[in-house]
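Subject: Structure handover and findings

Dear colleague,

Please find below the structure that I promised to pass on.

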Amino acid sequence: MIDLIAYKKRMHINGEDKDKYSLRINPKGRLDFDKMCALIAERTTLTDYEVKFALAEVMQVIIENIEIGRGTELGPLGSIELSVKADAVDSVEELNKKLIEKTKILYKPSKDIKKALKEVKYKIEK
């Protein structure tokens, strides 16, 4: 169950400042890397160290693929791809790497993760 809390935000609408209300997730902290590795180790025959080593290798493979512009399929986790946002110019001859405004990593969740998201239950705390 995900707890949602109400919050007030000031918005400028049709030339007027108005108070509006919306919802946001009431965070329950964050699972850190070491704890995640310990939880995976508890569910498998791997040790904490082996889980950390395997995940470090996954990270390295992702980095190596990013460096050559190739996406990485992560099976039941989804996929990771590189994306760039660049300014437009009038001709192909004007294109250069200085036009790149932003480079980012796109994570695309798997169908199973998307399905789990649709099944999430919410509780609103007012």
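Helices (H or I, at least four residues) and strands (E, at least two) are taken here as DSSP runs and numbered from the N terminus. On that basis, the protein follows the pattern β-β-α-α-β-β-β-α-β along its sequence, with three helices and six strands. The radius of gyration is 21 Å, well over the 14 Å that the globule rule gives for 126 residues, so the protein is more spread out than a compact globule; the radius is taken over C-alpha atoms, and the rule is 2.2 Å times the number of residues to the power 0.38. Along the principal axes, the C-alpha atoms fill a box of roughly 60 × 55 × 25 Å.

Please keep in mind that this is a predicted model, in which local features need pLDDT of at least 70 and side-chain atom pairs count only at pLDDT 80 or more, while totals for chains, interfaces and linings use all residues. Residues are numbered from 1 along each chain as its sequence is written, and side-chain values use heavy atoms, with hydrogens and water left out.

Turning to the strands, two of them count as paired if DSSP finds at least two bridges between them. Strand β1 (residues 2-13) pairs with strand β2 (residues 16-25) in the antiparallel sense over 10 bridges, and Arg 10 has Asp 19 in β2 as its bridge partner. The hairpin of β1 and β2 has two residues between the strands, and Asn 14 takes a positive phi near 50 degrees there.

An open sheet of three strands has the order β3-β4-β5, with antiparallel pairing; its edge strands, each pairing on one side only, are β3 (72-73) and β5 (100-109). Two bridges join β3 to β4 (residues 78-86), and Thr 72 stands opposite Ile 80 in β4. The hairpin that β3 and β4 form has four residues between them, with Gly 75 in the turn at a positive phi of about 60 degrees. Between β4 and β5 the antiparallel pairing extends over nine bridges, and Glu 81 stands opposite Leu 106 in β5.

As for the largest pocket, about 170 Å³ of space lies in it. A pocket is an open set of points on a 1 Å grid over the protein atoms alone, where a 1.4 Å probe fits, with protein on both sides within 12 Å along at least five of seven lines, and lining residues have an atom within 4 Å of a point; points are joined across faces, edges and corners, and the volume is the space filled by probe spheres set on them. The lining consists of Phe 33, Met 36, Ile 40, Leu 55, Val 58 and Leu 77, and the elements giving two or more residues to it are α1 (33-43) and α2 (48-67). The largest share, three residues, comes from α1.

With kind regards
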